[in-house]
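Here are my notes after going through the model. They start with the overall layout, move on to the helix pairs, and end with a few loop residues.

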Amino acid sequence: MNENAGRRVVVLDDDALILKVVKATLERRGLIVEAFDQAREGLQAILDNPPDVVLTDFQMPNMSGTEVINEIQRRLAGRSPPCLVLSANPSEQVIAEAYSVGAGDYICKPVVPGELTAKVLRALADAPAPRPFAAEALETVGPYEVVRKIGAGGMGVILEVRDADGRKLALKM
């Protein structure tokens, strides 16, 4: 079994073709890939549910890749996933800027599938392994009493919970 199967990668790029190539390449390796063509939308998804790795374009409208990385590191202090930068600009200045804000690696466009895969897999190897969700250890989630774990998947866990009125509900986390 692929040890990285089910791990999440979020990709931010304003180029639809790049998103398609990156998504297809990484999904062939069993990774779950969420692609965003708007940096702010992608950043919010990252902050709401941090992935195992982030790939961000260096230059996008409204928000640059360095701004994305800075915001991830600021808002997810201590829990920031590895961030890799994609760019069509191979200049030393751009590469140095990407590394200076904390990029773990730099991938030049056009994307070479083998290089992309190798760099993402290396970032996953360096990232903390995902911890299984221990629903059994929970007694409450917010206002709900946890009854039991119903199931789990790559995107979370489903719990059977009971509200204050005693009604049973399913809660996705």
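1. Start with Gly 104, which sits in the loop between α4 (92–100) and β5 (105–108). Setting aside residues up to four places away in sequence, Gly 104 is in contact with Cys 83, Leu 84 and Tyr 99.

2. Now the overall picture. Bear in mind that this is a predicted model. The protein chain has five helices and nine strands. Reading from the N terminus, the order is β-α-β-α-β-α-β-α-β-α-β-β-β-β.

3. The protein chain has 173 residues, and 41% of them count as buried. Among contacts with a separation of 6 or more, 54% come from residues 24 or more positions apart.

4. Helix α2 covers residues 39–48 and helix α3 covers residues 65–75; they pack at an angle of about 25 degrees, with axes 11 Å apart. How do α2 and α3 run relative to each other? They are roughly parallel, because angles under 35 degrees count that way. The crossing of this pair, α2 with α3, is right-handed.

5. Who makes that contact? From α2 it is Ala 39, Leu 43, Ile 46 and Leu 47, and from α3 it is Val 68, Glu 71, Ile 72 and Arg 75. By type, the residues in the contact of α2 with α3 come out as six nonpolar, no polar and two charged.

6. While you have α3 on screen, look at its buried residues: Gly 65, Thr 66, Val 68, Ile 69, Glu 71 and Ile 72. The charged residue Glu 71 is on that buried list and also takes part in the contact with α2. As for what the buried residues of α3 pack against, the partners are β1 (8–12), α2, β3, β4 (83–87) and α4.

7. The other pair to look at is α1 with α5. Helix α1 (residues 16–27) and helix α5 (residues 113–126) pack at about 60 degrees, and their axes are 10 Å apart. This crossing, α1 past α5, is right-handed. Val 22, Thr 25 and Leu 26 on the α1 side meet Pro 113, Leu 116, Thr 117 and Val 120 on the α5 side. The tally for the contact of α1 with α5 is five nonpolar, two polar and no charged.

8. Next, Asp 52, in the loop between α2 and β3 (53–57). Is Asp 52 buried or exposed? It is buried: its relative accessible area is 15%, and the cut-off for buried is under 20%. The side chain of Asp 52 reaches the backbone nitrogen of Arg 8 at 2.7 Å. Asp 52 and Gly 6 are 46 residues apart in sequence, with a C-alpha to C-alpha distance of 10.0 Å.

9. Asp 163 is another loop aspartate to check, placed between β8 (156–162) and β9 (168–172). Its relative accessibility is 12%, so Asp 163 counts as buried. What does the side chain of Asp 163 pair with? There is a polar contact of 2.8 Å to the side chain of Arg 167. Not counting residues up to four places away in sequence, Asp 163 touches Tyr 144 and Leu 169.

10. Finally, two backbone details worth a look. The peptide bond joining Lys 109 and Pro 110 is cis, with omega about 0 degrees, and Pro 110 lies in the loop between β5 and α5. Then there is Asn 62, in the loop between β3 and α3. Phi of Asn 62 is near 75 degrees, a positive value in a residue other than glycine. Asn 62 is exposed, at 61% relative accessible area, since the threshold for exposed is over 50%.

Key:
Residues are numbered from 1 along each chain as its sequence is written. This is a predicted model: local features need pLDDT of at least 70, side-chain atom pairs count only at pLDDT 80 or more; totals for chains, interfaces and linings use all residues. Side-chain values use heavy atoms; hydrogens and water are left out. Helices (H or I, at least four residues) and strands (E, at least two) are DSSP runs, numbered from the N terminus. Buried means under 20% relative accessible area, exposed over 50%, partly exposed in between (1.4 Å probe, protein chains only). A polar contact is a pair of N or O atoms within 3.5 Å; within protein, one must be able to donate a hydrogen and the other to accept it, and residues adjacent in sequence count only if both atoms are side-chain atoms. Contact means heavy atoms within 4.5 Å. Axes are lines fitted to C-alpha atoms, for helices over the stretch in contact, and angles run from 0 to 180 degrees between N-to-C directions. Angles under 35 degrees count as roughly parallel, over 145 as roughly antiparallel, 65 to 115 as roughly perpendicular and the rest as oblique. A crossing is left-handed if the near helix is turned anticlockwise from the far one by less than a right angle, and right-handed if clockwise.
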